[in-house]
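Good morning, and thank you for making the time. I would like to take you through one model, element by element, and I ask that you keep the structure in view as I speak.

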Amino acid sequence: MVSSISAAATSPLPITRLEDAAVKLEAQFLSTLLKEAGLGPDSSGFSGGAGEDQFSSFLVEAQALHIAKSGGIGLAEMFFETLKDGENAK
């Protein structure tokens with residue numbers, strides 16, 4: 001989770017939900033980025049076959065979520081601020 005975000009929390013439940021949404025958005029972006037960079041099924045002759053083809057997307061998504069929860073590339077901060085501003089504007 002993005003630790004610097006929660007310091008500005010006034011009511012923990014909505015802020016926590018916004019943090020989670022921001023991290024998930026960053027993870028989705030990172031997952032797409034990793035897939036486009038070639039992380040996924042191995043195209044060599046020693047691949048895992050149909051099973052690897054089916055489950056490699058889960059591995060990439062898990063890796064992207066781990067990166068996002070570990071601080072990521074800063075998108076979660078920006079997403080959180082935008083989401084928080086939208087909530088405050090209501």
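Methionine 78 belongs to helix H3, where helices are DSSP runs of H or I with at least four residues, strands are runs of E with at least two, and both are numbered from the N terminus. Methionine 78 is exposed because its relative accessible area is 52%; exposed means over 50%, buried under 20%, and partly exposed in between, with a 1.4 Å probe and protein chains only. Between methionine 78 and alanine 22 there are 56 residues of separation in sequence and 8.1 Å in space, C-alpha to C-alpha.

Before I continue, a word on provenance. This is a predicted model, in which local features need pLDDT of at least 70 and side-chain atom pairs count only at pLDDT 80 or more, while totals for chains, interfaces and linings use all residues. Residues are numbered from 1 along each chain as its sequence is written, and side-chain values use heavy atoms, with hydrogens and water left out.

Let me turn to the overall arrangement. The protein chain holds three helices and zero strands, in the order α-α-α from the N terminus on. Of its 90 residues, 22% count as buried. The accessible surface of the chain is about 6100 Å², and carbon and sulfur atoms account for 61% of that; these areas come from the Shrake-Rupley method with a 1.4 Å probe, and for residues only the protein chains shown count as cover. As for contacts, meaning heavy atoms within 4.5 Å, consider the pairs at least 6 apart in sequence: 76% of them join residues at least 24 apart.

Which residues make up the largest nonpolar core? They are Ile15, Leu18, Ala22, Val23, Ala27, Leu30, Leu34, Val60, Ala64, Ala68, Ala76 and Phe80, 12 residues in total. A nonpolar core here is a set of buried Ala, Val, Leu, Ile, Met, Phe, Trp, Tyr and Cys residues joined through side-chain atoms within 4.5 Å. Two or more residues come from each of helix H1 (12-36), H2 and helix H3 (75-88). H1 gives the most, with seven residues. In soluble globular proteins, nonpolar side chains tend to be buried together. Alanine 22, one of the core residues, touches Ala76, Phe79, Phe80 and Leu83, leaving aside residues up to four places away in sequence.

I now come to helix H2. This helix has 21 residues and reaches 30 Å from its first C-alpha to its last, close to the 30 Å expected at 1.5 Å a residue; the expected span is 1.5 Å times one less than the number of residues. Just after the helix, glycine 71 adopts a positive phi of about 120 degrees.

Finally, some points where H1 and H2 can be compared residue by residue. Glutamate 61 is in H2 and is partly exposed because its relative accessibility is 35%. Serine 31 is in H1 and is buried because its relative accessible area is 4%. These two residues, glutamate 61 and serine 31, are 30 residues apart in sequence and 5.3 Å apart in space, C-alpha to C-alpha. Leaving aside residues up to four places away in sequence, glutamate 61 touches Ser31 and Lys35, while serine 31 touches Val60, Glu61 and Ala64.

Lysine 24, also placed in helix H1, is exposed at 54% relative accessibility. Its C-alpha atom is separated by 7.7 Å from that of alanine 68, 44 residues apart along the chain.
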